[in-house]
Amino acid sequence: MDSSSRGAQPQPPSTTEPPPSSSASAAPPQSQGSSPAQPPSRYESQKRRDWNTFFQYLHNHKPPLTLARCSGAHVIEFLKYLDQFGKTKVHISGCPYFGHPNPPASCPCPLKQAWGSLDALIGRLRAAYEENGGRPECNPFGAKAVMIYLKEVKEGQAKARGVPYEKKKRKRTTTKVSKVSDSGGGDSSIVVPVTGNNDSRVGVDAASSASLPSSTTSTTTP
């Protein structure tokens with residue numbers, strides 16, 4: 001018993017001594033490496049993967065393409081190329097389940113990329129293009145042809161799947177502003193409509209202002 005206790009006594013100092021030194025030495029690396037070692041967000045990671053995927057597509061293109069020669073037509077080709085990896089069933093016009101949101105059985109209709117995925121992809125590539133030195137006016141991902149193609153995909157998939165893509169409705173709230181009249185006979189209330197945008201993808205600064213009418217004095221005749 002004594003020998004085991006004597007053998008255990010040298011160990012506690014060795015285990016208690018490192019924590020102060022480790023905590024003191026670990027504190028500076030945390031403060032120094034907190035900002036550089038911070039992992040990228042999920043959006044930034046996905047944007048980087050999309051950018052690399054598009055460059056790989058340009059490299060494998062026949063003939064190979066460079067980013068400087070890329071146009072809206074090439075972006076549309078890229079989106080159509082991604083359809084082979086899609087997982088969304090899009091019924092063709094001759095399918096008996098065309099426009100059926102919940103088909104009772106399977107059908108041989110092709111799988112494609114969902115419109116929402118393509119729309120989000122173009123948004124990330126559009127931002128990555130400008131972040132890598134591209135000029136906004138030359139951005140192929142923001143070309144009018146690409147926007148038209150996305151709109152056609154949206155409308156086509158809505159009809160084929162029977163799932164319309166509805167726009168988010170704006171909430172209308174009313175703000176009550178009280179104004180005290182000069183006559184002192186009470187306060188008059190003005191209801192100011194305020195519109196709020198619920199779109200989570202695009203930050204909209206919907207600040208509404210209302211011009212209050214100038215106060216008027218009322219005269220009473222005895």
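**Before you start**

The model is predicted: local features need pLDDT of at least 70, side-chain atom pairs count only at pLDDT 80 or more, and totals for chains, interfaces and linings use all residues. Residues are numbered from 1 along each chain as its sequence is written, and side-chain values use heavy atoms, with hydrogens and water left out.

**Stop 1: the whole chain**

Show the protein as a cartoon. It has 7 helices and 4 strands. Helices (H or I, at least four residues) and strands (E, at least two) are DSSP runs, numbered from the N terminus. Their order from the N terminus is α-α-α-α-α-β-β-α-α-β-β. Of the 222 residues, 21% count as buried. Buried means under 20% relative accessible area, exposed over 50%, and partly exposed in between (1.4 Å probe, protein chains only). Among contacts with a separation of 6 or more, 52% join residues 24 or more positions apart. A contact means heavy atoms within 4.5 Å.

**Stop 2: α6 against α7**

Select residues 115–131 for α6 and residues 144–161 for α7. Their axes come within 9 Å and cross at roughly 160°. Axes are lines fitted to C-alpha atoms, for helices over the stretch in contact; angles run from 0 to 180 degrees between N-to-C directions. The two helices are therefore roughly antiparallel. Angles under 35 degrees count as roughly parallel, over 145 as roughly antiparallel, 65 to 115 as roughly perpendicular and the rest as oblique. The crossing is left-handed: the near helix is turned anticlockwise from the far one by less than a right angle, while clockwise would be right-handed.

Now show side chains. From α6, look for Trp-115, Leu-118, Asp-119 and Ile-122. They meet Val-146, Met-147, Leu-150, Val-153, Lys-154 and Gln-157 of α7. This contact has 7 nonpolar, 1 polar and 2 charged residues. Ala, Val, Leu, Ile, Met, Phe, Trp, Tyr, Cys and Pro count as nonpolar, Asp, Glu, Lys and Arg as charged, and the others, Gly among them, as polar.

**Stop 3: Ala-120**

Stay on α6 and pick Ala-120. Its relative accessibility is 33%, so Ala-120 counts as partly exposed.

**Stop 4: α5 against α7**

Gly-72, Val-75, Ile-76, Leu-79 and Lys-80 of α5 meet Ala-145, Val-146, Tyr-149 and Leu-150 of α7. By class, that makes 7 nonpolar, 1 polar and 1 charged residues.

**Stop 5: the rings**

The whole structure holds 10 aromatic pairs. Rings of Phe, Tyr and Trp (its six-membered ring) pair if their centres lie within 6.5 Å; planes under 30 degrees apart count as stacked, over 60 as edge-to-face and the rest as tilted.

Select Trp-51 and Phe-141. Their ring centres are 6.4 Å apart and their planes stand at 55°, so the pair is tilted. Trp-51 is in helix α4 (residues 42–60) and Phe-141 in the loop between α6 and α7, so the pair ties together parts 90 residues apart in sequence. Both are buried.

With Phe-141 it forms an edge-to-face pair, 5.0 Å centre to centre and 65° between the planes. Phe-54 lies in α4, 87 residues from Phe-141. Phe-54 is buried too.

Finish with the cluster. Ring pairs link Trp-51, Phe-54, Phe-55, Tyr-57, Phe-78, Tyr-81, Phe-85, Tyr-129 and Phe-141.
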